[in-house]
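Please keep the sequence and the coordinates at hand.

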Amino acid sequence: MSFARQTAAKEPTMPKLIMGMMRLFDYPELASPTALARWINERLDQGLDTFDHADIYGDGRCELLFGAALQADPALKKRVRVITKASIILPSHDSSPWRIKHYRGTGFHLRKGIDDALGRLKMEQIDTFLIHRPDPLADTEDMAHALEEAVSAGKIKRIGVSNFLPEQWRWLQANTTLPLLFQQSELSLLATEALFDGTHEAQLRDGLRWLAWSPLAAGRLLEGGIGRALADAQAVTGMSPTALAIAWIGRIPGAPIPVLGSMRPERIQEALSVEGEQLPRELWFSLLEAARGHEVA
Ligand SMILES: NC(=O)c1ccc[n+]([C@@H]2O[C@H](COP(=O)([O-])OP(=O)(O)OC[C@H]3O[C@@H](n4cnc5c(N)ncnc54)[C@H](OP(=O)(O)O)[C@@H]3O)[C@@H](O)[C@H]2O)c1
């Protein structure tokens, strides 16, 4: 089955931040459905309605707890948008003698991944489904069919990729008329490769919105040279290191959307405080230089 490109779901209006759910179990205060439902309501009040999952986060338990929170407060279901991903098999889920972590880019696995995620999340539709990692052994045509079927059945609304290189997403795109709308990949002051190897421009050209995972470098921004540079920049601008790190991403053309991993309300508030701030080009480069440890050529 194929779809006219113009009739497939377009990129929706996106929030300033996407809430990453990978570390949900780092926050014991959110480990009950009612506590998590309260936390989700607080995020919605801040205009943050998009929550990023994957089947492997907490080995499925992050999606399960999120689904239980939606059941605890059924009004939430219509207000939240969920991104989820599949294609990585953990060793604990490999029943072969090799018990190996691997990728599984097959239509069968994606169909099952989508159905299983809907079951855990207790939802009828996933807003955005991403292929978590490119698989060198992928059956791309078969995967594309599975995605088309899932869109046609209303199980997923939009599709995208994660951690793909340009020719990898272009090969998938060549196999479907459904538009790939998102690329989720690492981006922070400590993960800047895609800004210099042409990947960023390829995303812009191909219309893939960048969803930036680990925007705070998983908490490593306060160390070493970048830590000192952020402290210096804070003294001049009054912006906290978190706010500076988020504004640094926001300055990049195409406005990548940070997928924030912290579920701590204070840090989320700090990350939101940058709205409307545009870092001066010179400050942007001075933070880049401090993070990379060398000046641009
Ligand atoms: N597609 C993929 O392959 C992929 C890969 C990885 C992640 N992701 C997605 O991206 C999301 C975000 O990833 P992430 O959690 O690595 O992002 P992150 O926002 O860069 O890191 C969050 C972590 O850093 C800590 N942190 C941040 N600033 C800190 C500071 N100043 N001092 C101490 N600790 C600090 C937070 O602790 P606090 O609790 O103290 O704030 C939290 O543990 C995930 O939840 C997931 O949804 C996707």
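Asp59 counts as exposed because 12 C-beta neighbours lie inside 10 Å. The cut-offs: buried means 20 or more other C-beta atoms within 10 Å, exposed means 12 or fewer, partly exposed is in between, and C-beta atoms are placed from the backbone. Asp59 sits in the loop between β2 (50–52) and α2 (61–72). Its phi is positive, about 55°, although Asp59 is not a glycine. Most residues other than glycine have a negative phi.

Lys122 also has a positive phi, near 55°, and is a residue other than glycine. Lys122 lies in the loop between α3 (107–121) and β6 (126–131). It counts as partly exposed because it has 16 C-beta neighbours inside 10 Å. Helices (H or I, at least four residues) and strands (E, at least two) are DSSP runs, numbered from the N terminus.

## Model and confidence

This is a predicted model: local features need pLDDT of at least 70, side-chain atom pairs count only at pLDDT 80 or more, and totals for chains, interfaces and linings use all residues. Residues are numbered from 1 along each chain as its sequence is written.

The chain averages a pLDDT (the predictor's confidence in each residue, from 0 to 100) of 95, and 97% of the residues score at least 70. Residues 1–8 have a pLDDT below 50, and this stretch has 14 contacts in the model beyond near neighbours in sequence. A contact means C-beta atoms, placed from the backbone, within 7 Å. Where pLDDT is low, the predicted coordinates should not be read in detail.

## The ligand shell

Which residues are closest to the ligand? They are Gly20, Met22, Gly219, Gly261 and Ser262, in a shell of 25 residues. Two elements give two or more residues to this shell: α8 (241–250) and β10 (257–260).

By class, the shell holds 11 nonpolar, nine polar and five charged residues. Ala, Val, Leu, Ile, Met, Phe, Trp, Tyr, Cys and Pro count as nonpolar, Asp, Glu, Lys and Arg as charged, and the others, Gly among them, as polar.

Nine of the 10 residues of α8 are buried, so α8 is largely enclosed by the rest of the structure. Among them are Leu244, Trp248 and Gly250. The buried residues of α8 pack against β9 (209–213), α7 (224–237), β10, α9 (265–272) and α10 (281–292).

The largest nonpolar core has 81 residues, and Phe66, Leu147 and Leu244 touch the most other members. The largest share, seven residues, comes from α8. Such a core is a set of buried Ala, Val, Leu, Ile, Met, Phe, Trp, Tyr and Cys residues joined through C-beta atoms within 7 Å. Leaving aside neighbours within four places in sequence, Leu147 contacts Leu110, Ile159, Thr176 and Leu178.

## Strand β10

From β10, Ile257 and Val259 point one way, Pro258 and Leu260 the other way, and all are buried. β10 pairs in the parallel sense with β1 (residues 18–20) over two bridges. With β9, the pairing is parallel over three bridges. Pairing requires at least two DSSP bridges between the strands. Val259 stands opposite Ile18 and is the bridge partner of Trp213.

Methods. Contact = placed C-beta atoms within 7 Å. Near = placed C-beta within 6 Å.
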